[in-house]
Amino acid sequence: MNQHTYLVVMAGGIGSRFWPFSRTNHPKQFHDVLGVGRSMLQLTVDRFAGICPAENVFVVTNRDYRDLVQQHLPELPADQILGEPIGRNTAPCIAYASYRIAQRDPQAVVVVTPADHAVQREDEFRRVISLAVDAARTHEVLITLGIQPSRPDTGYGYIQFMDDEASSLPNGLKKVKTFTEKPNTELANMFLASGDFLWNSGLFVWRADVILKAFHSYLSDISEVFEEGSAQLGTPQEEEFITAAYSRCRNISIDYGVMEKADNVYVLPADFGWSDLGTWDSLHRMGRRDENGNVIDGDAILYDTQECVIKTPSERLVVVQGLDGYIVAEYDNVLLICKRTEEQRVKDFVADVKAKKGAGYN
């Protein structure tokens, strides 16, 4: 464990594709999605034990969720919970954390992770992260972790790498050739067959000075905003500065703003049982399935039912008969029953419910 290694957990999203379980006032990162007794946020911080000291863990979240973060991570000082006034995608989020950390430790190596990913093989995860941290410490590179694809999934972005010695670095890093957003089925099958495409995990590793240099080169409008007020970070004036800063930042992802433009981007191929748990179907793949392929979290009795996800309150007995490939999910004041193959419509359901029933259900 190195005192110059830092963790940034991005925990500000709403996760609307996981509705009704994930809601505006209680998003999925604060839920025990996998039914293991720990929330997604807690599991995320847990898996970095031994990689960076507790005092180097920062969580970036919406200001409305700061109390929730404190409840889930009571050992985390309030000073390490960075509150965003509004959501502006991943680039401003990462800029905020990076400028804050760089001011404290110019030698920092920063690992950036979303708060809602699942990892099955944590020892392998830590090994891979350690390789990336070592490489970032000694090379001026922007590293992303690429997951070996197991199927032609159209829900993930893809990274193509250059598979030759001249474009490789130690520790297994490959120079990135292209980024592709969520492809259609035909393209996804081609990517899988080619052997030089990986899923884009959204996990990043870099030195603080290297990512700040990249912001200066590729997102100068955002870097100018944070450089103007960097002296206020870590002071009582920080919140006021961040409120003003975010009003001037555009909504843009780090992938589009930096990673797709920079020429020092490398990918580390990895396979540690990863899922972004962005959808109900991903929970079905990652969860513990019974002999009929059902993932059950709650008090449920099933008859003639297979390949379903049942996630309901433990205090309510649920009896299900005759379903094949459905989502049955209840949380608070909403019950969702939906075909797993139609789960992409969940966002539409949320929009319709908000329009017809008001904001109390989203």
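Student: Which residues does H4 touch, not counting those up to four places away in sequence?
Tutor: In this predicted model, H4 touches N56, D105, Q107, A108, V109 and R137, with residues up to four places away in sequence left out. With D105 there is also a polar contact, side chain to side chain, at 2.7 Å.

Student: Where does H4 lie, and is H4 buried or exposed?
Tutor: H4 is in the segment before β1 (5-10). Its relative accessibility is 19%. Buried means under 20%, so H4 counts as buried.

Student: Let us move to the nonpolar residues. How many residues has the largest nonpolar core?
Tutor: That core has 49 residues. The residues with the most contacts inside it are V110, L142, W206, F215, I222, F226 and I254. Helix α3 (residues 90-104) gives the most to this core, namely nine residues. Apart from it lies another core, of 46 residues, which includes L7, V141, I143 and F197.

Student: What is V110 in contact with, leaving aside its neighbours within four places in sequence?
Tutor: V110 is in contact with Y6, V8, I101, F204, V205, W206 and A208. W206 is also the bridge partner of V110 in β10. As a general point, nonpolar side chains in soluble globular proteins tend to be buried together.

Student: How many residues of strand β10 are buried?
Tutor: Eleven of the eleven residues of β10 (residues 197-207) are buried, so this strand is largely enclosed by the rest of the structure.

Student: Which strands pair with β10?
Tutor: Among them are β4, β6 and β7. Strand β4 (residues 109-114) runs antiparallel to β10 and is joined to it by four bridges. Strand β6 (residues 142-147) is likewise antiparallel to β10, with four bridges, and T144 stands opposite F204. Strand β7 (residues 158-161) pairs with β10 in the antiparallel sense over three bridges; there, Q160 has F197 as its bridge partner.

Student: Changing topic: how many salt bridges are there in the whole structure?
Tutor: A search of the whole structure finds 23 salt bridges. One of these is formed by the side chains of E238 and R100, at 2.9 Å from N to O. E238 belongs to helix α8 (residues 238-248) and R100 to helix α3, so this pair ties together parts that are 138 residues apart in sequence. Both E238 and R100 are buried.

Student: Which residues form salt bridges with D281?
Tutor: R285 does, with the closest N and O atoms 3.1 Å apart, and R340 does, with the closest N and O atoms 2.8 Å apart.

Student: How far apart are R285 and D281 in helix α10?
Tutor: They are four residues apart in α10 (residues 280-286), and therefore separated by about one helical turn. D281 is buried, at 18% relative accessible area, whereas R285 is partly exposed, at 28%. R340 is buried, as is D281.

Student: Which residues are linked with these in a network of salt bridges?
Tutor: The network links R151, D153, D281, R285, E307 and R340.

Student: I would also like to discuss the open sheet of four strands. What is its order?
Tutor: The order is β13-β15-β17-β18, and the pairing is mixed. The edge strands, each pairing on one side only, are β13 (295-297) and β18 (334-339). Ignoring direction, neighbouring strands of this sheet are turned by 5° against each other on average.

Student: Which pairings are parallel, and which is antiparallel?
Tutor: β13 and β15 (residues 309-311) are parallel over three bridges, with I296 opposite I310. β15 and β17 (residues 326-331) are also parallel over three bridges, with K311 opposite A329. β17 and β18 are antiparallel over six bridges, and E330 has L335 in β18 as its bridge partner.

Student: How many residues lie between β17 and β18 in their hairpin?
Tutor: Two residues lie between them, and D332 in the turn has a positive phi of about 55°.

Key. Residues numbered from 1 in each chain as written. Predicted model: local features only at pLDDT ≥ 70, side-chain atom pairs only at ≥ 80, totals over all residues. Heavy atoms only, no water. Pairing = 2+ DSSP bridges. Axes fitted to C-alpha atoms, helices over the stretch in contact; angles between N-to-C directions. Core = buried A, V, L, I, M, F, W, Y, C linked by side-chain atoms within 4.5 Å. Buried < 20%, exposed > 50% of the residue type's maximum accessible area, 1.4 Å probe, protein only. Contact = heavy atoms within 4.5 Å. Salt bridge = Lys/Arg side-chain N within 4 Å of Asp/Glu carboxyl O. Polar contact = N/O pair within 3.5 Å; in protein donor to acceptor, adjacent residues only side chain to side chain.
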